[in-house]
Each structure stands twice: as structure tokens, then as C-alpha cells.
Amino acid sequence: MGNMSEEVKATEEPKKKFGLISYANGKSLEEINGTIPVPKASDAGFWKTLLRYSGPGALVSVGYMDPGNWSTSITGGQNFGYLLMSVILLSSLIAMLLQYMAAKLGIVTQMDLAQAIRARTSKALGVILWILTELAIMATDIAEVIGAAIALYLLFGIPLIIAVFITVLDVLLLLLLTKIGFRKIEAIVVALILVILFVFVYQVALSNPDWAAVVQGLVPSAEAFSTKEVNGMTALSGSLGIIGATVMPHNLYLHSAISQTRQIDHDDEESVAQTVRFSTWDSNISLTAAFFVNALLLIMGVAVFKSGAVQDPSFFGLYHALSDSSTLSNPVLISVAKSGALSVLFAVALLASGQNSTITGTLTGQVIMEGFVHMRMPLWARRLITRLISVIPVILCVLMTAGQPEVQQHEAINNLMNNSQVFLAFALPFSMIPLLMMTDSKVEMGDRFKNSWIIKIMGWVSVISLTVLNLISLPGKTGAIAAFFGDNITSGQLLEANIIAYIAIILVLALLAWTVIDLYRGNKRYAAEMAAKHNVQG
């Protein structure tokens, strides 16, 4: 198999250091790479071996159930019933496919996705893709800041502006976690996921939904991508919102790095194959849990609330709706809601979701910085810088709406969170397409581990579909760019929004073409080098 790890091994020159930033061109997440021993499945049995491989999938699945997913799924359920259940299912299946390829890339090539792209492209393109991915991480971080700050406000009554600043202090949590070992970090993340899952299972169980309608909603329908409009939202925009909040670019970089934390004998093809196999199991189990969380959120929108009863779709509105018996649809729910248990559990799950995303977002930041531009800085410093930048738009939003009615404040914060996710539409193709090209290549993956023709077809259909859907969601009156101008957009503003959208689409496609051409040439060059090396040895 093609082994690209030789290209990123640390050079003989001493590592340069400028303050907190040092040169990095070694293994992906070097401190934890290959640190967790795993048994042979033939000796330990399937379940014991799976347990040792379990963990990276949970870290990855966090991105599929972060605060950015919540509002899209619940609002989609309120407006369209169970129609969008099929979109959640399709998004989850595509996520499983992409994460399988990301883990396989890391395990087989001993490089994460950022390193693999950088090894095949020019330095200039590497810097551009690094900036693009950093901005995508910050966009995701805005949703986490908002979710955590609102949870602190709802649970403890902390003023929102102070709660936003408190979210910066999660860097102290990260410092603590770096001292306890990666395996314990995995365990903490799993525990927080179980908290989130328990909360929504409990709330949905109380609501006694129409399970026949839920199952029927899992069947894909063209209506889910129609322009049918309810409460100002079309089914298409609801579907795109769910897809955009589900498949995130940073998860592919993260998985390709943390899949390398297990000890592997790369000279033994069977050891590599075992790691690919169990990493796939781990990923699919965790992403199935993420699917259930997102499905439960949508079911909450349908079964927990009366249709159209919640006028404020923000986290504030959902929290208050869960303690307001007039908005609920079930007598058992109403009695529990009066105790305040439903709303408190919702806020606890929101806080757990935000903290989980903090851990994974910081690790991903280190992966892309080292991979694309060969720079490293301490995790706490990375987190502090990213979070300080991310809180700026949130603070500005809170201050600018301070004098407005409460509902308008909530809407503004909710819109900021939803609009921040738009940037993911730009960044996603630049992780998906290189990932597919790399794992399709015999040169990179070898005969045994390159994508089978079925995976290749499913991969390209998924990637092209997601890229097209993300890009077509930008222009138009209900488009993502128009959303920045508010609800009552004028014809002049719509024209301006469409011009911005089409310029953005052209720039994305041009940069994508550059990336694909660079990767293709780099792959050809690497194949020629490998052939020459083989001839010399022969």
C-alpha cells in the first residue's frame, strides 16, 4: 500500500519556536498517536477488542449532535411533522460513509486529511485551505458559545453577556483534560453523550408519539425538498438546514487523526485491516446514537409541542415551552412540565452538548494547523484564541439587541447561530472531495484498502449531491445569504444577496477546481516517485 507518512516525518533540523508557536511536521497529534494498545481480535474476542477501539467514534459523533443541530431538527418537526425524518436518516448514512473513509485514510496512510492534502498540493493552496477550515471551525464554535451561554443563563440565571465570557473559561476544563489521558477524555465524551440521549429519550417517551408516522417519515420523499412553506420555512430550507448542521468538515479532519491513536503494526497488513474494521464499527455505533439524538429532537418538535405553539424557535423559547403546559401536547408531559423537570433537563443537555464540542473543536484546530501549515501551539492557547474570536459576534449581537423586546433578542441570537452555519457550505467540499480522491487511489491506499466500486459510487453521489445542495442553498429569497438581511428583505437587498451568493459560488468552484487539479498532479507525481523507488530497489 502507498505509505505517505514518510513525507511528514520530522526533519533533522531543530524545531523552530516563536513564542507559543513551534514548527510541527511529525505524526498527527503526536502526543497521543499510537499510545493506546489494542489486542488481536483472534485472541481477545470481538466485544473486548471493540471496547478497546471504542472512543474516537464518540468524539466524532459529537459534531453531529452539537447545538447547531438542535434548532433545525426541532423547528423542522414543528413545521413539517415527520416529513424530514428521511433527511436525518440520509444525512446520517452519508456521515457514516464519509467518516469510514476518513478513519481509513488515517489508519492506512498514517496521515490525517490535512497532512494528506498538504502533501499533494502547493504551499499557497495549503494556506488558503487552512484559513477556510479555521473559519469553519470558528463558525461551529459560535453555535457552541451560544448554546453554552444560554444553558448557563437558563440554569443559573447568569446574565447572557457574562455567560458568554464564562464560556471562554472552558479552556481551564481543556487544560485539566490534557492531564488525564486521551482514553479518559473519550470516556467523558461518551458520558456526556449518554446524558443528552437520556434526556431526549425521556422527553419523547413521555410524549407518546405516533410511531407509525415516525417510521413512515423515514421513507425518502421528494416533498422533503419541495418549496412547500410553513411558518416562513420551506421544506427545502428545512432539509438543507438539517444537512448543513449534520455533515461538518472538521469531523473528517478529526477522525483521520484520532483513528491513529491505537497501536498498529503497519508492517502487518492484517493488523491494519483489523484497525480499519473495528474503527468502522466504533464510528457507525456512535453515529447511530447521533442519528437517534437528531431523530428524537425532530420528534420533540412534532410530539412534545402542539403544532405552531412555539413562536420563539430559539433555545430560550424551547426552554420556556417545556415548562409551559399550554404548549405541550400530552397530559403526562403537562404534569411533568409543571415540576420544571423537562426544561431543566433540556438546558443540562444543551450544556453537555456545548462542552463536548469544545473538546473536539480544539483537537481539530490542532490537526489542521499542524497538517496544513506545519505550526503547533499549546491546546489551551489555541482554544483561547479561537474562543475569543468566536465570542466577538455573539457579544456584539447581545449588545446591539439589548434595548429590543425579549423575543427579538432571542431571534437575533438564534439567527446568528443559524447564519454562522452557512460558512460550512463553503468549507465542506474542500474536505469531502480530497478525502474521496485519496481513498479512491490505489497509489495512496494500496489494492486492499482503496475504495471498492460500490463505496466509490456512493461516495461520489453523496459528495456531489451535498456540494450542489449546499451551493444552491445560497441564492434566492429563502437562501442562506438573504437570511443575513433579516426577514423583511427588500428587492434591492435580495439583488445584493444574490450577487454575493453567485460570486461566492464561482469562487468556491474555482478554488475547488484548483484543489482537484493540484491533488491529481500530486498523486501522479507520488506514483512516479514510488515506481522509480521500486525500480531502484528491484
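Modeller: A residue is called buried when its relative accessible area is under 20%. The model is a predicted one, and by that cut-off helix α5 is mostly covered, with 21 of its 25 residues buried. The helix runs over residues 85-109. Its length is consistent with its residue count, because 25 residues at 1.5 Å a residue should span 36 Å, and the end C-alpha atoms are 36 Å apart. Just after α5 comes Q110, which takes a positive phi of about 60 degrees.

Leaving aside residues up to four places away in sequence, L98 touches V247, L252, M432, L435, V463 and L466. L98 also belongs to the largest nonpolar core, which has 150 residues. Within that core, L98 is listed among the residues with the most contacts, together with W70, I150, F200, F346 and F372. The element that gives the most to this core is helix α7 (residues 123-156), with 15 residues. A second core of 5 residues is separate, and V38, L50, Y53 and F278 are included in it.

For comparison, consider helix α18, residues 379-400. Its 22 residues reach 32 Å from first C-alpha to last, close to the expected 32 Å.

Terms used. Residues numbered from 1 in each chain as written. Predicted model: local features only at pLDDT ≥ 70, side-chain atom pairs only at ≥ 80, totals over all residues. Heavy atoms only, no water. Helix = DSSP H or I, 4+ residues; strand = E, 2+ residues; numbered from the N terminus. Expected span 1.5 Å × (residues − 1). Buried < 20%, exposed > 50% of the residue type's maximum accessible area, 1.4 Å probe, protein only. Core = buried A, V, L, I, M, F, W, Y, C linked by side-chain atoms within 4.5 Å. Contact = heavy atoms within 4.5 Å.
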